[in-house]
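Subject: Structure handover

Hello,

Here is the structure I promised to pass on. Please open it first, then read my notes below.

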Amino acid sequence: MAVTYLNFFLLIIITSYISEVLAQNDEDPTIKTMEHFSGYSNHDSPSCTSSSFSVDTDSLQLQIDELSTFSDTPAPSVTRILYSDKDVLARRYVKNLMGLAGLSIREDAVGNIFGRWDGYDLELSAVASGSHIDAIPYSGKYDGVVGVLGAIEAINVLRRFGFKPKRSLEVILFTSEEPTRFGISCLGSRLLAGSEALANALKGTVDGQNVSFFDAARSAGYAQDQEHLSSVFLKKGSYSAFLELHIEQGPILEEEGTSVGIVTAIAAPASIKVDFEGNGGHAGAVLMPHRNDAGLAAAELALAVEKHVLESGSVDTVGTVGILELHPGAINSIPSKSHLEIGMLLVLDEYAFPAKTRKVKVLEFRIVNQDPPSPSDESIIKAMEDRRKELNLTYKFMISRAYHDSLFMARISPMGMIFIPCYKGYSHKPEEYASIEDIANGVKVLASTLAKLSMK
Ligand SMILES: [Zn+2]
């Protein structure tokens, strides 16, 4: 019965606690208009708050469309694999946009790209936002891209507004969020978060064509003289906040007609092994009220997994009990032990109940192969919620059931995510679509939140 189980349980408690706290604090005296940020007085036009932000939707849509042409498969599908020629061209395209936005550009040894707008207090750590532009084979043009091009546009929005950041603002393009080429998801952000294990593993990593990671990186102009990738690691505190704008990749916001999802926590894929132990006994002799049936506890847990997944309402959420073993496995014996293996993509708190109601012991609850889920930072959630109010957009608190670079950025920085609706929740296929109006709403919330966090 592991500490990890406790972490999972705590996450649920923490996220519901955050939601409660936020629900209670509907009126927040700290809400400020843009004049507080920018130093410009808006007394003559009291409506001149972040609600008057203008997103250049024509340019942004054009950029999304143009970026999608750097693909190894025909439109409308997009295929952009790490360090491929198309990936290199797409990176050049994004760096050009960063340059046009007046950002100073830095690239690290694996090709994480940083575009910085210096704030007026260079002593302070920066506020960052970003996502990825790699795309799995035959996917769409919005996953990740909205968070990169949207962050650059958020900078443009703030510049047009006349905003001057106190903390520097930085746009990050993360290398290889998708595991397509080397089987490692969020490669760039894991390294930024200081994963020694990954830095070491990459020395022996090859792709399906037996090309080594370092040869592939060098062909794209990275990792030139590197034997170790510790130069990529960022210190904790390098950023005072990190925010990612992303399509929901699920149907909830669109179905409910909600403009913005404020992510309270990121769940992660998990493989979980559970062992229950009861007293067993003769199947004929022990009466029902006196049983502690480990088999039925396992059955209840399996059903709880299904129930929880169905109730989540997300097409991306899956849970499977693929292994269920009973001991001793005889028709005339009450199972004294049971063993389950669960593959799932969510945080659960129902594990407790079969153990309680069946009066069996949880011998083992082991999470195998999983990146710990991460709660969003409370103050960032609050900042996003305030900005959303000022912009008068409908919103919903939600858990991200998909992996994102934010999961790893949360290890070194307070983290938050903004979701926008996408068509039928489609993602990772050519039908993936988000309307430019929804994207613009996300960019406004992002710009406004970045502005607020930059002044802290
Ligand atoms: Zn993504």
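Two residues are in contact if their C-beta atoms, placed from the backbone, lie within 7 Å. Take the contacts in the chain between residues at least 6 apart in sequence: 80% of them join residues at least 24 apart.

Please keep in mind that this is a predicted model. The chain has 456 residues, and 49% of them count as buried. It contains 14 helices and 15 strands.

**Helix α5**

This helix runs over residues 145–161. It has 17 residues and reaches 24 Å from first C-alpha to last, close to the 24 Å expected at 1.5 Å a residue. Of those 17 residues, 15 are buried, so α5 is largely enclosed by the rest of the structure. G162 follows α5. The phi of G162 is positive, near 90 degrees.

**α5 with α14**

Helix α14 covers residues 436–454. The axes of α5 and α14 come within 8 Å and cross at roughly 60 degrees. That angle makes α5 oblique to α14. The crossing is right-handed. On the α5 side, the contact is made by V146, G150, A151, E153, A154, V157 and L158. On the α14 side, I439, G442, V443, L446, A447, L450 and A451 take part. By class, the residues of this contact are eleven nonpolar, two polar and one charged.

Why do residues three or four places apart point the same way in an α-helix? An α-helix has 3.6 residues a turn, so such residues point the same way.

**α3 with α5**

Helix α3 spans residues 57–68. Helices α3 and α5 pack at an angle of about 140 degrees, with their axes 11 Å apart. Angles over 145 degrees would count as roughly antiparallel. α3 and α5 are therefore oblique to each other. Their crossing is right-handed. L60, Q63, I64 and L67 of α3 meet V145, L149 and E153 of α5. The contact of α3 with α5 divides into five nonpolar residues, one polar and one charged.

**α3 with α14**

The axes of α3 and α14 come within 10 Å and cross at roughly 110 degrees. This makes α3 roughly perpendicular to α14. T57, L60 and Q61 in α3 meet I436, I439 and A440 in α14. The contact of α3 with α14 has four nonpolar, two polar and no charged residues.

Best wishes

Conventions. Residues numbered from 1 in each chain as written. Predicted model: local features only at pLDDT ≥ 70, side-chain atom pairs only at ≥ 80, totals over all residues. Axes fitted to C-alpha atoms, helices over the stretch in contact; angles between N-to-C directions. Helix = DSSP H or I, 4+ residues; strand = E, 2+ residues; numbered from the N terminus. Parallel < 35°, antiparallel > 145°, perpendicular 65-115°, else oblique. Left-handed = near helix turned anticlockwise from the far one by under 90°. Nonpolar A, V, L, I, M, F, W, Y, C, P; charged D, E, K, R; others polar. Expected span 1.5 Å × (residues − 1). Buried ≥ 20, exposed ≤ 12 C-beta atoms within 10 Å, placed from the backbone.
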